[in-house]
Amino acid sequence: MFNLKTISKLLLSLIFVSQGSFAAEAQVKKPDQPSLPTTIKNKLFSTKEEDRRSNLSCPYVFLIMNAMLRQHMLYDKFSSQLEKHTIEQYIKSIDPLKTYLLQSDVDLITKDLKSMEKWLGGQNCEPILTVQNILKERAAERRDFTKQYLGKEFKIDKTTSIQLDSEKRPFPKTKEELNEFNKKYLQFQVANFVASDMKLEEAKNNVIRRYERTVKRLEDQKEDEIYSNFLNAFAGSLDPHSNYLSADDLEDFNISMQLSLEGIGATLSNQDGYTVIEQLIAGGAAEASGQLESQDKIIAVAQGESNNFESVIDLPLREVVQKIRGKAGTKVRLNILRKSPDGMKNFKVTLSRRKINLEEEAAQISYIDKDINGKKRKFGILNLPSFYHDSSKKDGRSAYKDVKRLLKEAQDKKVDGLVLDLSSNGGGSLDDAVKLAGLFFKTGNVVKTQGRPDIPSDTLADSDPEVNYSGPLVVLTSRLSASASEIVAGALKDYKRAIIVGSDHTFGKGSVQQVLPLPRKLGAYKVTIGMFFVPGGNSTQHRGVDA
């Protein structure tokens, strides 16, 4: 990775390079997507009372799968190959480490899930629920085996060796074979705790509780969560970037794009069944109260000022977050457990939820002064963590608008050069990427998208001749820079408008996804609709943008 001193020299070398103009123009238009069949649309958007469901239920599973197929760039109908990939993805999702299922279970699941177009089309989801029952049974067996193996006689065997990469070993054929692997895996888990200065008994108890929580989570899992996992497996069989978003996942996605949320303003984690406050967000209710600290444990939550507390110990983090989030102005009460020198302290806190702007995820600019050859030079470092865009409002906040404003500030400060830092930018809004690239040159194509053969390719361009920054420009990238970041970096490189520095190449994601919300709180699906090509005609898929 280049340091700022090196980047400053690169910028200096660009100061005396004249800026070219770009005449190529194209109209920006929204790509035509195949409309959903009337039967699917009528079912999903039905106004009949009996069809107004707020949870994902069996009849919707196949409808959503078909909706994704209608818009995916490669697959337009169900096939035996797609069915095979879906089954493989589903088995991998429920037992990724091969620590629960036997090969006979895998064979049975594969057999039961076959011909899924027939049974799903008939609104029958029993095969999916059967898989869940098999998993629950195996998880209970592993819990019981763990308790027995980690008994009083247990000792850490330092000679134990284990192959953790599940891709390099098959599913065990017998329970004896599975037990032998689990012994090694339990040795590994306990040893990890002991290596962090934990006593052996405490380490054993922590591992046992993990298996107990897994069983409880599976037992408490609702049908809509099970169907959601299955839809995700189906989406993953289409390509790595398509997926189904539950209502909760969609909420998280919108927060990341809008850079705002309504809640208490704290990042949380799950540690051994407890919900732990990791960080207080500046401007949030938690920080403003002055009563909460990092590492406080939330053990119960109550809504308003009079409702009873509900224990959240051993609840999935997602459910705890649901209980804590809420509309700005409403109150939430937390029962807190805090470790202190005098022992554990228990107290309650009442917070008024606030709207929080996640400024740390927004575009920011800083300035450095460098003495180069006896002359003082000022450089701007413009950091853009993502291409966010709040489409919920007519004039919502966006990466494009924020960067445009910051470029005006940089011009007013008469910077001698600018670094656009995309090194941690994983992508986001395609529209913002196109507009943002256009801030640095007159007019020209930015990206071409190509979807299914029956859909014409589409060229997205900057048609605004205004140049918001015409000075020396360096784009800082890394292997984390993906998707929309690669569009901007690729366009600026092809037009010779910027020098690309950083890792040898960017991530290499050259596909475009569309997020399509579903009615009645069914969430949304994100589906790959095409590939994109930068102005030089290259795809960034796999190869990325070279530095």
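The legends below describe close-up views of a predicted model, with an overview of the chain first.

In this predicted model, local features need a pLDDT of at least 70 and side-chain atom pairs count only at pLDDT 80 or more, whereas totals for chains, interfaces and linings use all residues. Residues are numbered from 1 along each chain as its sequence is written, and side-chain values use heavy atoms, with hydrogens and water left out.

**Figure 1. Overview of the chain, with 16 helices and 18 strands.** Helices (H or I, at least four residues) and strands (E, at least two) are DSSP runs, numbered from the N terminus. Of the 547 residues, 48% count as buried, where buried means under 20% relative accessible area, exposed over 50% and partly exposed in between, with a 1.4 Å probe and protein chains only. Among contacts (heavy atoms within 4.5 Å) between residues at least 6 apart in sequence, 70% join residues at least 24 apart.

**Figure 2. The salt bridge between Lys175 and Glu141.** The structure holds 20 salt bridges, a salt bridge being a side-chain nitrogen of Lys or Arg within 4 Å of a carboxyl oxygen of Asp or Glu. In the pair shown here, the side chains of Lys175 and Glu141 meet at 3.2 Å, N to O. Lys175 lies in helix α8 (residues 175-195) and Glu141 in helix α7 (residues 126-149), so the pair ties together parts that are 34 residues apart in sequence. Lys175 is partly exposed, with a relative accessible area of 39%, and Glu141 is also partly exposed, at 21%. Both residues belong to a network of salt bridges that links Asp105, Arg138, Glu141 and Lys175.

**Figure 3. The salt bridge between Arg338 and Asp296.** The closest N and O atoms of Arg338 and Asp296 are 2.8 Å apart. This pair links distant parts of the chain, with Arg338 in strand β7 (residues 331-340) and Asp296 in the loop between α12 (285-289) and β5 (297-303), 42 residues apart. Arg338 is buried, with a relative accessible area of 14%, and Asp296 counts as buried at 1% relative accessibility.

**Figure 4. The salt bridge between Lys401 and Asp395.** In this pair the closest N and O atoms are 2.7 Å apart. Lys401 counts as partly exposed at 34% relative accessibility, while Asp395, at 65%, counts as exposed.

**Figure 5. The packing of helix α7 against helix α9 (residues 200-220).** The two helices pack at an angle of about 160°, with their axes 9 Å apart; axes are lines fitted to C-alpha atoms, for helices over the stretch in contact, and angles run from 0 to 180 degrees between N-to-C directions. α7 and α9 are therefore roughly antiparallel to each other, a class that takes in angles over 145 degrees, whereas those under 35 count as roughly parallel, 65 to 115 as roughly perpendicular and the rest as oblique. Residues making the contact include Leu135, Ala139 and Arg143 of α7 and Ile208, Tyr211 and Val215 of α9.

Figure 6. Met65 counts as buried, at 0% relative accessibility. Leaving aside its neighbours within four places in sequence, Met65 is in contact with Phe78, Met116, Leu120, Phe230, Leu231 and Phe234. Met65 and Glu117 are 52 residues apart in sequence and 10.0 Å apart in space, C-alpha to C-alpha.
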